[in-house]
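Please keep the sequence and the model in view while reading.

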Amino acid sequence: MGRLVRFILTGGIGFVADAAALWLLLATTPLGPIAARVLSIGFALCVTWQINRHLTFSPSSRGLAQEGARYGGVGIATGIVNYLVYCAILFALPTLPPLAALAFASIVAMALSFMGYSRLVFDR
């Protein structure tokens, strides 16, 4: 149970990193909410890998490069789910703030990412 709590806390930090990057990109660049979200997901993925690696699961028995590739693979797969839900919400509800769509999409993707990271990356 402790691992799940740590994963949820890590996800919260990842959400803040994702939201901050999205907000910063929307405020300071000509990128719209669709393009900016691709970059913010990548930033959040890097942040959560380090936290999950050191606090949630512990480093795997694999080398850093192989663990990173596996983490990236799972992260990209769940990031695609997250991104598609985010885009679907924005297209269905165009007046909804992008950060609200990000929050909902992140919750949807969280369960998938826990299963993927715990089973395919950190062997727990």
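A residue counts as buried when its relative accessible area is under 20%, and as exposed when that area is over 50%. The model discussed here is a predicted one.

Q: Is Arg53 buried or exposed?
A: Arg53 lies in helix H2. The cut-off for a buried residue is a relative accessible area under 20%. Arg53 has a relative accessibility of 12%, so this residue counts as buried.

Q: With which side chain does the side chain of Arg53 make a polar contact?
A: Leaving out residues up to four places away in sequence, Arg53 touches Ser58, Pro59, Leu64, Glu67 and Phe122. A polar contact, at 2.4 Å, joins the side chain of Arg53 to the side chain of Glu67.

Q: With which side chain does the side chain of Asn52 make a polar contact?
A: Asn52 is placed in helix H2, and its relative accessibility of 1% makes it count as buried. Residues touched by Asn52, not counting those up to four places away in sequence, include Phe7, Thr10, Tyr71 and Tyr117. The polar contact of the Asn52 side chain, at 2.9 Å, is with the side chain of Tyr71.

Q: Are the rings of Tyr71 and Tyr117 stacked or edge-to-face?
A: A pair of aromatic rings is described by the distance of the centres and the angle of the planes. Planes under 30 degrees apart count as stacked, and those over 60 as edge-to-face. The ring centres of Tyr71 and Tyr117 are 4.0 Å apart and the planes lie at 5°, so the pair is stacked.

Q: How many residues apart are Tyr71 and Tyr117?
A: Tyr71 is buried, with a relative accessible area of 1%, and Tyr117 is buried at 5%. Their pair links distant parts of the chain, with Tyr71 in helix H3 (residues 64–92) and Tyr117 in helix H4 (residues 98–121). The two are 46 residues apart.

Q: How many aromatic pairs does the structure hold?
A: Ring pairs link Phe7, Trp49, Phe57, Tyr71, Phe114, Tyr117 and Phe122 into a cluster. For the structure, the number of aromatic pairs is eight.

Q: Over which ring does the charged end of Arg37 sit?
A: Tyr86 is one of the residues of the largest nonpolar core. At 4.9 Å from the ring centre, the charged end of Arg37 sits over the ring of Tyr86.

Q: How far apart are the end C-alpha atoms of H1?
A: H1 has 27 residues, which should span 39 Å at 1.5 Å a residue. The expected span agrees with the distance between its end C-alpha atoms, which is 39 Å.

Q: Against which helices do the buried residues of H1 pack?
A: The buried residues of H1 include Phe7, Thr10, Gly14 and Leu25. The buried residues of H1 pack against helix H2 (33–56), H3 and H4.

Q: Is Ala111 buried or exposed?
A: Ala111 has its place in helix H4. The cut-off for an exposed residue is a relative accessible area over 50%. At 53% relative accessibility, Ala111 counts as exposed.

Methods. Residues numbered from 1 in each chain as written. Predicted model: local features only at pLDDT ≥ 70, side-chain atom pairs only at ≥ 80, totals over all residues. Heavy atoms only, no water. Phe/Tyr/Trp six-rings, centres within 6.5 Å; stacked < 30°, edge-to-face > 60°. Helix = DSSP H or I, 4+ residues; strand = E, 2+ residues; numbered from the N terminus. Buried < 20%, exposed > 50% of the residue type's maximum accessible area, 1.4 Å probe, protein only. Lys NZ or Arg CZ within 6 Å of the ring centre and 35° of its normal. Core = buried A, V, L, I, M, F, W, Y, C linked by side-chain atoms within 4.5 Å. Expected span 1.5 Å × (residues − 1). Contact = heavy atoms within 4.5 Å. Polar contact = N/O pair within 3.5 Å; in protein donor to acceptor, adjacent residues only side chain to side chain.
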